[in-house]
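Student: I've got a structure open and I'd like to go through it with you. Could we take it slowly, one topic at a time?

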Amino acid sequence: MNFLANHWLDITTTALGLAYILLEYKASVWMWAVGFVMQVLGIVLYYQKGLYADCGMEFYYLAMTVYGFVAWMRHKQKADLPIRHMPKKMIFIWMGAGLAIWVAIYYLLSRFTNSTVPVLDAFTTALSIVGIWALARKYLEQWFVWIVVDVVTCGLYFYKDIPFKASLYGLYVVIAIFGYFKWKQMMEEKLR
């Protein structure tokens, strides 16, 4: 019973995370509502575990959740926001932004916090920042970012004693691989 009391936030955010990724897999607009609740609870969890970049990222996720929901719903009035490829000119901008964000977050974590994992915390946060933006725009390539984030986060969370979320991120890797193929199929069906 003590274990459950100590890990209730981990368990709750894990359950919400599972619902979120399944809704994302289906390209359902309701993933944004589930994500909002998950992120509010995630702020508390990550702060308690000393994952300060992840904690700060949840505030960004909250803003992107509102943005994504509005963007998807605005298109829904006319037609669904289509799944599409990221424009080639955006790929280098996207990669450069991710690298710059990683360096900036690493600097802040290593200089101003007691983080024991500043490189990995900054890395997963930076990639997640650009990944959630790409998801909000419904770019197919966002799945590649999530595969990398999920692999690294799985190991990081086991290390930081967040076992349920760590296991969820292991499952996310598998779902992200299938999600890529599902979205690709959905995109190709729309083009026919």
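Tutor: Let us begin with a word we will need: contact means heavy atoms within 4.5 Å. This is a predicted model, where local features need pLDDT of at least 70 and side-chain atom pairs count only at pLDDT 80 or more, while totals for chains, interfaces and linings use all residues. Residues are numbered from 1 along each chain as its sequence is written, and side-chain values use heavy atoms, with hydrogens and water left out.

Student: OK, so which residues is Val 130 in contact with, if I skip its neighbours within four places in sequence?

Tutor: With those neighbours left aside, Val 130 is in contact with Trp 94, Ala 97, Gly 98 and Ile 101. Val 130 has its place in helix H6, where helices (H or I, at least four residues) and strands (E, at least two) are DSSP runs numbered from the N terminus.

Student: And is Val 130 buried or exposed?

Tutor: Val 130 counts as buried because its relative accessibility is 8%; buried means under 20% relative accessible area, exposed over 50%, and partly exposed in between, with a 1.4 Å probe and protein chains only.

Student: Switching topic: how many cavities of 30 Å³ or more are there?

Tutor: The count comes to one cavity of 30 Å³ or more, and about 310 Å³ of space lies in the largest cavity. On a 1 Å grid over the protein atoms alone, a cavity is a set of points where a 1.4 Å probe fits but cannot get out, and lining residues have an atom within 4 Å of a point. Grid points are joined across faces, edges and corners, and a volume is the space filled by probe spheres set on the points.

Student: Which residues lie nearest the centre of that largest cavity?

Tutor: Of the 25 residues that line the largest cavity, Tyr 20, Tyr 61, Trp 146, Tyr 169 and Tyr 172 lie nearest its centre. The lining divides into 15 nonpolar, five polar and five charged residues, where Ala, Val, Leu, Ile, Met, Phe, Trp, Tyr, Cys and Pro count as nonpolar, Asp, Glu, Lys and Arg as charged, and the others, Gly among them, as polar.

Student: Which helix gives the most to that lining?

Tutor: H7 gives the most, with six residues, although H2 (8–25), H3 (31–48), H4 (52–78), H6 (118–136), H7 (142–159) and H8 (163–191) each supply at least two.

Student: Let's stay with H7, then. What span should its 18 residues have?

Tutor: At 1.5 Å a residue, the 18 residues of H7 should span 26 Å, and its end C-alpha atoms are 26 Å apart, which agrees; the expected span is 1.5 Å times one less than the number of residues. Among the buried residues of H7 are Trp 143, Trp 146, Val 149 and Tyr 157.

Student: What comes after H7?

Tutor: H7 is followed by Asp 161, whose phi is positive, near 60°, although Asp 161 is not a glycine. Asp 161 is partly exposed, with a relative accessible area of 43%. Ile 162 is found in the loop between H7 and H8, and Ile 162 is buried, with a relative accessible area of 1%.

Student: How far apart are Ile 162 and Leu 9?

Tutor: Ile 162 and Leu 9 are 153 residues apart in sequence, and their C-alpha atoms are 9.5 Å apart in space. Neighbours within four places in sequence aside, Ile 162 is in contact with Asp 10, Leu 45, Lys 49, Leu 51 and Tyr 157.

Student: Last topic, the rings: how many aromatic pairs does a search of the whole structure find?

Tutor: The search finds 12 aromatic pairs. The rings of Trp 133 and Tyr 139 have their centres 5.7 Å apart and their planes at 55°, so this pair is tilted. Rings of Phe, Tyr and Trp (its six-membered ring) pair if their centres lie within 6.5 Å, and planes under 30 degrees apart count as stacked, over 60 as edge-to-face and the rest as tilted. Trp 133 is partly exposed, with a relative accessible area of 25%, whereas Tyr 139 counts as buried at 7% relative accessibility.

Student: And what about Trp 143 and Trp 183?

Tutor: Trp 143 and Trp 183 form an edge-to-face pair, 5.5 Å centre to centre with 90° between the planes. This pair links distant parts of the chain, since Trp 143 is in helix H7 and Trp 183 in helix H8, 40 residues apart, and both Trp 143 and Trp 183 are buried.

Note on methods:
1 Å grid on protein atoms, 1.4 Å probe; cavity = no way out; pocket = protein on both sides within 12 Å on 5 of 7 lines; lining within 4 Å.
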